[in-house]
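I opened a new structure today and kept notes as I went. Here is what I looked up, entry by entry.

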Amino acid sequence: MKRSNVLRLFVLGWMTLVWVLLWGNFSVANVVGGAVIAVVVSVVLPLPRVPVEGRVHLGSAAYLAVVIFVESIRSTIAVAWLAIRPSPPPVTGVLRCRLTIKSDMVLTLWTDIMNNIPGTMVLEIDQARRIMYVHVLDVSTDKAVADFYRSARRIERLLIHTFERDVDWQPSAWKSSWEGTS
């Protein structure tokens, strides 16, 4: 069986499981109904192909998950302190961050991670030049700005180490063919 067919079956099984969990009752009718809904959704609303240009390194991915968790907790505590401290609101600002990420998929992951860390929000993406404009809740000191850049660079390095190692990197052939048509 081809890898793409196994992936399709996994997605159909996952959607069926979600359907059953949403109903909160495991029955034959819910499983069959979920499978039918999963097939209909897959046929009517197919997802576009995503170019896979590297390999996923599981050890690096696990470490990345830990770092994201720690950064989220650290940022949550910092935002909570900014909210309850007895002083004026912090100085906010938009910072520019140039990235060296090659893949659009990994660039999207970086954006999603940054948007989910409290106190930061990606406002604009210059995809061609790989420049991100990020609203940061606290830019009142040089240390706060340096902390943002340290965190952003660390996540970028870990994403590259997890998904874009040079030894595994091969630009997708079909990606470059459809990029030329737009």
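Axes here are lines fitted to C-alpha atoms, for helices over the stretch in contact, and angles run from 0 to 180 degrees between N-to-C directions. I noted a left-handed crossing where H3 passes H5; that means the near helix is turned anticlockwise from the far one by less than a right angle, while clockwise makes a crossing right-handed.

I then listed the residues in contact (heavy atoms within 4.5 Å). Among them are Leu 64, Val 67 and Glu 71 of H3, and Arg 154, Ile 155 and Leu 159 of H5. By class, I have 8 nonpolar, 4 polar and 4 charged residues for H3 with H5. Ala, Val, Leu, Ile, Met, Phe, Trp, Tyr, Cys and Pro count as nonpolar, Asp, Glu, Lys and Arg as charged, and the others, Gly among them, as polar.

Next came H4 and H5, whose axes come within 10 Å and cross at roughly 145°. H4 passes H5 in a right-handed crossing. On the H4 side I wrote down Val 106, Leu 109, Trp 110, Ile 113 and Met 114; their partners in H5 include Phe 148, Ala 152 and Leu 159. The class count for H4 with H5 is 10 nonpolar, no polar and 1 charged.

**How to read my notes**

This is a predicted model, where local features need pLDDT of at least 70 and side-chain atom pairs count only at pLDDT 80 or more, while totals for chains, interfaces and linings use all residues. Residues are numbered from 1 along each chain as its sequence is written, and side-chain values use heavy atoms, with hydrogens and water left out.

**The whole chain**

I count 6 helices and 3 strands in the protein chain, in the order α-α-α-β-α-β-β-α-α. Helices (H or I, at least four residues) and strands (E, at least two) are DSSP runs, numbered from the N terminus. Of the 182 residues, 30% count as buried (under 20% relative accessible area; exposed is over 50%, partly exposed in between, with a 1.4 Å probe and protein chains only).

**The core**

Which residues have the most contacts inside the largest nonpolar core? I found Trp 110, Met 114 and Leu 159, in a core of 23 residues. Such a core is a set of buried Ala, Val, Leu, Ile, Met, Phe, Trp, Tyr and Cys residues joined through side-chain atoms within 4.5 Å. H5 gives the largest share, 6 residues. Leaving out residues up to four places away in sequence, Leu 159 touches Leu 64, Val 106, Leu 109, Trp 110, Ile 113 and Glu 164.

**Single residues**

Arg 130 sits in the loop between strand E2 (120-126) and E3. Its phi is near 60°, a positive value in a residue other than glycine. Most residues other than glycine have a negative phi. Is Arg 130 buried or exposed? I have Arg 130 as buried, at a relative accessible area of 12%.

Ser 72 is in helix H3 (residues 58-84) and counts as buried at 18%. Not counting residues up to four places away in sequence, Ser 72 touches Asn 116, Ile 117 and Pro 118.

Last, I checked Val 20 in helix H1 (residues 3-23), buried at 8%.
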